[in-house]
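Biologist: I have a new structure to learn. Please walk me through it, question by question.

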Amino acid sequence: MTAPGAQDLDIELTVNGEPVSASVPASELLLDFLRERLRLTGAKRSCDAQVCGTCTVLVDGGPVSACTYLAVEADGRAVLTVEGFAQTAEFAEFENAFMRHAALQCGYCTPGLLLTLKSLRDAGELGSDEQIRHGLDGNICRCTGYRAILDAARELAGTAPS
Amino acid sequence: MSVLERTELLEVGVSKPRKDAAEKLRGQAQYVGDMEMAGMLHGKVLRSPHAHALIRDIDVSAALAIPGVATVLTAADLDDIEPYYGHAIKDRPILAIDRVRFAGEPVAAVAAESEAAAEAAVRAIEVTYEELPVLGTLAQALAADAAPLHQRRPQVGLFHGLGDLGDQEGNVCYRYRLDAGELPGAGEGDIVVEGDYTFPAVYQYAMETHATIAHYHGDGVTLWANCQHPFLVQAELADLFGLEIGAVRIVVGYLGGGFGSKSYTKLEPLTVALARKAGRPVRIVNRVEESMVTSRRHGMSCHMRTTAAADGTLRSREVRFWMDTGAYADNGPRVTATAGDAAPGPYRWPAVRVEANCVYCNTPPSGSYRAFGATHLQWIGESQLDEIARRAGLDPVELRRRNLVTPGEPVRPDGSGKPLDADLVGDVERAAQAVGWDEPRRPWVGRGVSVGLLAAGAHPVSRASVRVCSDGSADVYVGTTEMGQGPRTVMAQIAAEELGLPSELVRVHGADTRFTPYDRSTGASRSTTVAGLAVKRAAENAAARLRETAGELWEVDPEAVRLTRGRAEFAGEEIAFPELIAKRFGFRGGEIIEGGEVRPTGGATGSYAEGPHFWEVCCAAVEIEVDPDTGVVTVLRTATVADVGKAINPQLVERQDEGALLQGIGNALFEEMLFVDGEIINDNLLEYRVPRIADLPAQTRSIIVENADGPGPYGAKGCGEGALAAIPAAIVCALADAGVPMTELPLTPERVWRRIGELRSQATTTMEG
């Protein structure tokens with residue numbers, strides 16, 4: 001959040017396909033912009049240091065840690081949060097894979113994981129176990145122990161043993 | 001259950017999908033930090049920069065002048081109450097009074113219209129401190145000339161639960177002893193293994209930090225809090241603020257992980273005090289560095305000595321250890337007692353001496369963390385056992401086979417408490433086999449197996465209620481907190497089984513102390529076993545009403561009516577629940593609602609000494625490889641044993657085991673909170689490393705053992721903690737098997753590499769000598 005009285009800047013972007021324009025302090029984080037202004041709380045705050053991945057959203061299709069990314073950096077860009085992703089046809093496949101493997105427990109890291117997986121698959125980087133392990137290294141899950149997440153990711157990658 | 005013996009379970013024992021999955025996957029699940037109330041203010045806490053200091057002055061005038069600031073709270077605002085809490089020992093003030101005892105202790109709090117204004121105000125508060133000598137380590141706190149951290153006479157908390165507080169000696173706030181048999185005299189043991197060991201402070205790192213919204217109003221106070229034990233917090237808040245228990249309402253939704261970090265009372269009293277002064281709802285959400293000084297796992301120093309006959313028959317074990325509970329006791333006494341119970345290990349000991357000490361230090365408070373006590377001690381006892389096996393020329397599995405207690409034998413060497421309710425020999429054999437125990441070993445590869453017991457179940461008091469609505473669907477009201485472990489799914493399965501409903505038609509809700517029946521706590525692996533049994537009984541009672549109605553309708557013995565798939569059936573007749581309930585009430589309304597209760601029976605009180613409710617098995621085996629040039633330990637294969645009596649939902653049991661496995665790897669290999677003069681220096685995720693997906697071993701196996709030997713529903717007993725105690729122990733044993741015995745955790749590459757260097761130079765010296 002920003003000190004009161006800071007200079008505001010005008011930004012225009014799309015969030016989950018909807019155009020949004022706002023006047024924001026230069027120091028406002030994208031995470032606070034989404035959570036506080038737009039009330040999109042699917043992206044979560046945890047480590048505040050771009051390590052854990054719970055705040056992951058996609059900006060122009062690529063994953064960013066919204067906890068260390070300024071709202072003004074998203075000016076002119078397309079932001080996708082889990083709320084938007086959940087509205088797409090593609091989401092069902094991710095949802096089913098995670099449900100089938102029970103690849104979530106407390107659910108706090110789950111939105112960030114789903115969006116990271118989507119961006120990996122869109123970029124053609126979701127294939128081998130090595131790619132999955134590399135691609136998900138920035139998403140910490142303290143509950144599941146990752147086995148089920150790996151299994152769900154393999155299924156999404158089309159590499160799950162049948 | 002009806003007199004018609006149920007031939008098969010339809011809902012229980014099935015891996016049903018999680019009830020909460022869709023909400024969580026779609027980002028719709030609400031956590032406290034996602035919630036806003038009308039008129040809500042944002043709270044921020046000013047925390048002490050010093051580990052030990054007197055507070056000479058607090059000047060809040062500049063803070064109050066900041067636009068948007070509603071109020072600033074200091075200890076002076078708490079004059080009208082006795083502002084000390086602590087469920088075990090009432091030693092902790094809501095805000096520091098006259099002195100701070102750890103770096104990070106709340107000194108003042110601000111409520112403001114925005115988080116930014118609250119943060120600015122916190123920075124504007126001027127506090128004058130006079131620094132005191134810091135007792136930042138166990139050695140400093142235990143020194144003969146150490147000043148006591150606390151000046152008030154210790155008062156027992158509402159839920160001490162461990163008998164008398166006893167005399168406090170210096171900074172030892174609680175002591176637990178376990179004595180049995182006559183220790184052998186010097187030189188009597190053919191094999192003697194003895195050493196000093198160190199276990200680090202560890203952070204639970206639930207991904208969601210502590211968060212509370214409090215609204216203090218004319219009728220009492222309402223909180224939305226991410227607490228594991230809402231009913232214990234409710235009682236403590238009522239006691240603190242002079243309210244009736246029913247005037248304190250706590251609503252608990254989803255928790256973003258707990259692992260013990262959100263057990264007992266944490267941020268709630270401060271949030272209530274701030275809201276009380278502000279007269280408006282206030283939300284406080286910790287940042288991660290604040291949660292790291294809110295709860296953690298105890299660091300520990302331990303001395304252990306184990307003796308055995310030359311043939312490997314165990315003779316005695318002596319253990320003394322000291323746990324750094326921080327500046328306030330929190331759950332330290334129970335952690336200490338549980339560690340004391342875990343110290344001997346589940347073996348037949350002719351003689352045991354355990355002295356467990358819980359020690360105040362000028363460090364942040366320590367409390368519960370998954371498998372507490374057992375995680376602290378199991379790796380030490382098991383590594384000594386393996387050393388005995390080496391000297392006796394026995395396979396470690398064989399040594400355990402000969403010495404482990406068997407079902408029905410006493411676990412505590414003094415014969416007190418619950419006898420063994422598990423097949424430990426079978427568990428050890430299964431785990432060892434799953435990591436290729438008898439396969440040839442490559443150099444620098446080692447295998448280890450470990451087994452232990454964790455006193456589980458806590459105080460066995462839970463109530464629940466089950467309501468069958470007029471449309472035939474059902475609600476379960478149970479106080480268990482859903483923090484990821486899956487109780488909403490498991491409770492739905494249990495209720496569904498008894499009601500003869502598909503679990504898809506059963507809803508399980510979060511706790512709201514105004515409406516939800518009492519449940520002691522969510523921890524100690526008790527939800528399925530204790531609260532689950534209360535749910536089963538409530539559902540049985542509701543089912544009895546349904547059968548009774550069908551019996552009246554058909555003029556038959558209700559006991560002969562069968563409930564299945566949402567219908568009552570008897571001799572070819574059947575009626576669906578909605579019609580059945582309509583028959584009972586004469587219209588399309590009404591409901592069936594019944595309760596269920598679990599409490600100590602047969603003259604028992606549920607005390608710790610009588611307990612535990614059950615012994616949770618902590619058993620695992622691993623294969624590791626160590627790189628002698630770098631000290632890096634890689635876990636190759638793991639097997640964890642979930643000895644659960646009956647798996648209500650096998651997939652969720654596996655997930656619990658796998659989660660504990662990775663936390664065990666973190667605790668063993670790299671997790672460590674570092675303190676300098678009592679102040680934590682790695683309070684962020686860049687410097688405090690938790691396991692990532694890359695740390696997942698190539699091969700993991702979760703073995704579910706179902707011997708129906710638990711006190712819970714269908715013979716179930718709790719799970720999900722054991723692997724966390726067993727994995728570090730198995731890793732330490734495996735590393736010793738690879739040639740590198742260690743006495744300090746975590747097994748960082750540097751520590752292991754240095755040890756390999758020492759061993760090599762010792763070997764060289766021996767050869768030269």
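Biologist: In which loop is D330(B) found?
Modeller: This is a predicted model, where local features need pLDDT of at least 70, side-chain atom pairs count only at pLDDT 80 or more, and totals for chains, interfaces and linings use all residues. Residues are numbered from 1 along each chain as its sequence is written, and chains are lettered from A and ligands numbered from 1 in the order in which they are written. Helices (H or I, at least four residues) and strands (E, at least two) are DSSP runs, numbered from the N terminus. D330(B) sits in the chain B loop between β16 (314-326) and α8 (332-342).

Biologist: Is D330(B) buried or exposed?
Modeller: A residue is buried if 20 or more other C-beta atoms lie within 10 Å of its own, exposed if 12 or fewer, and partly exposed in between, with C-beta atoms placed from the backbone. D330(B) has 31 C-beta neighbours inside 10 Å, so it counts as buried.

Biologist: What is the phi of D330(B)?
Modeller: Most residues other than glycine have a negative phi. D330(B) is not a glycine, yet its phi is positive, about 45°.

Biologist: Which peptide bond is cis with omega near -5°?
Modeller: Most peptide bonds are trans. The bond from G611(B) to P612(B) is cis, but with omega near 0°; P612(B) is in the loop between β25 (592-598) and β26 (614-626) of chain B. P746(B) belongs to the loop between α16 (722-737) and α17 (749-768) of chain B. The bond with omega near -5° runs from L745(B) to P746(B).

Biologist: At what angle do α12 and α13 of chain B pack?
Modeller: Helix α12 covers residues 487-499 and helix α13 covers residues 527-554, with axes 8 Å apart. Axes are lines fitted to C-alpha atoms, for helices over the stretch in contact, and angles run from 0 to 180 degrees between N-to-C directions. The angle is about 30°.

Biologist: How do the residues of that contact divide by class?
Modeller: Two residues are in contact if their C-beta atoms, placed from the backbone, lie within 7 Å. The contact includes V490(B) and I494(B) of α12(B), and V535(B) and A539(B) of α13(B). Ala, Val, Leu, Ile, Met, Phe, Trp, Tyr, Cys and Pro count as nonpolar, Asp, Glu, Lys and Arg as charged, and the others, Gly among them, as polar. The division is ten nonpolar, three polar and three charged.

Biologist: Why is α15(B) called largely enclosed?
Modeller: Helix α15(B) (residues 650-669) has 20 residues. Of the 20 residues, 19 are buried, so the helix is largely enclosed by the rest of the structure.

Biologist: Which element supplies the largest share of the side of chain B that touches chain A?
Modeller: The contact takes 49 residues from chain B and 43 residues from chain A. On the chain B side, α1 (21-25), α3 (115-124) and α15 each supply at least two residues. The largest share is seven residues, and it comes from α15(B).

Biologist: Which residues does Y477(B) touch, not counting those up to four places away in sequence?
Modeller: Y477(B) is in strand β20 (residues 474-478) of chain B. It is buried, with 24 other C-beta atoms within 10 Å. Its contacts are A464(B), S465(B), H509(B), F515(B), T516(B) and P517(B).

Biologist: How many helices and strands does chain B have?
Modeller: Chain B has 769 residues, and buried residues make up 60% of them. Its C-alpha trace spans about 95 × 70 × 50 Å along its principal axes. The count is 17 helices and 30 strands.

Biologist: What pattern does chain A follow along the sequence?
Modeller: Chain A has six helices and five strands. Buried residues make up 54% of its 162 residues. Read along the sequence, the pattern is β-β-α-β-β-β-α-α-α-α-α.

Notes
The expected span of a helix is 1.5 Å times one less than its number of residues.
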